[in-house]
Amino acid sequence: MSILGLDIGDKRIGVAISSGFDAEPLCVLARADGRAERELVRLIQSEKVDTIVAGLPLDEHGHSTPQCQGVVRFCRRLGRR
């Protein structure tokens with residue numbers, strides 16, 4: 001079982017992978033040209049990923065932010081692929 005962790009920003013996506021207790025940084029993907037989603041799909045297949053987790057940038061009170069909504073939209077698009 002492999003878990004892919006995503007830190008999704010406006011310009012870049014930090015990617016880490018874990019097959020147990022520790023996560024290892026894998027790469028940083030640029031979002032500028034739209035290839036990030038295709039590259040993530042390739043990584044998911046090649047690393048045999050079972051689970052994907054993404055950080056949500058909540059505010060100091062734990063409420064959704066405009067950035068959080070963008071992360072959710074990106075994850076939905078990735079899920080459809």
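In this predicted model, P57 lies in the loop that runs between strand β4 (49-54) and helix α2. The relative accessibility of P57 is 30%, so the residue counts as partly exposed, a class that falls between the limits of 20% for buried and 50% for exposed. Although P57 and C68 are separated by 11 residues in sequence, their C-alpha atoms are 5.3 Å apart in space. When neighbours within four places in sequence are left aside, the contacts of P57 comprise T65, Q67, C68 and V71.

Helix α2 (residues 66-80) packs with helix α1 (residues 35-46) at an angle of about 55°, and the two axes are 10 Å apart. Because of this angle, α1 is classed as oblique to α2. The crossing of the two helices, α1 and α2, is right-handed. On the α1 side, the contact is formed by E37, L40 and V41, which meet F74, R77 and L78 of α2. By residue class, this contact of α1 with α2 contains 4 nonpolar and 2 charged residues, and no polar ones.

The largest nonpolar core consists of 16 residues, among which L4, L6, I13, V15 and L40 touch the most other members. At least two residues of this core are supplied by each of β1 (2-8), β2 (12-18), α1 and α2. The largest share, 5 residues, is drawn from α1. V15 in turn touches L4, G5, L6, P25, L26, C27, L29, L40 and L43, with residues up to four places away in sequence not counted.

Technical notes
Residues numbered from 1 in each chain as written. Predicted model: local features only at pLDDT ≥ 70, side-chain atom pairs only at ≥ 80, totals over all residues. Heavy atoms only, no water. Axes fitted to C-alpha atoms, helices over the stretch in contact; angles between N-to-C directions. Helix = DSSP H or I, 4+ residues; strand = E, 2+ residues; numbered from the N terminus. Parallel < 35°, antiparallel > 145°, perpendicular 65-115°, else oblique. Left-handed = near helix turned anticlockwise from the far one by under 90°. Contact = heavy atoms within 4.5 Å. Nonpolar A, V, L, I, M, F, W, Y, C, P; charged D, E, K, R; others polar. Core = buried A, V, L, I, M, F, W, Y, C linked by side-chain atoms within 4.5 Å. Buried < 20%, exposed > 50% of the residue type's maximum accessible area, 1.4 Å probe, protein only.
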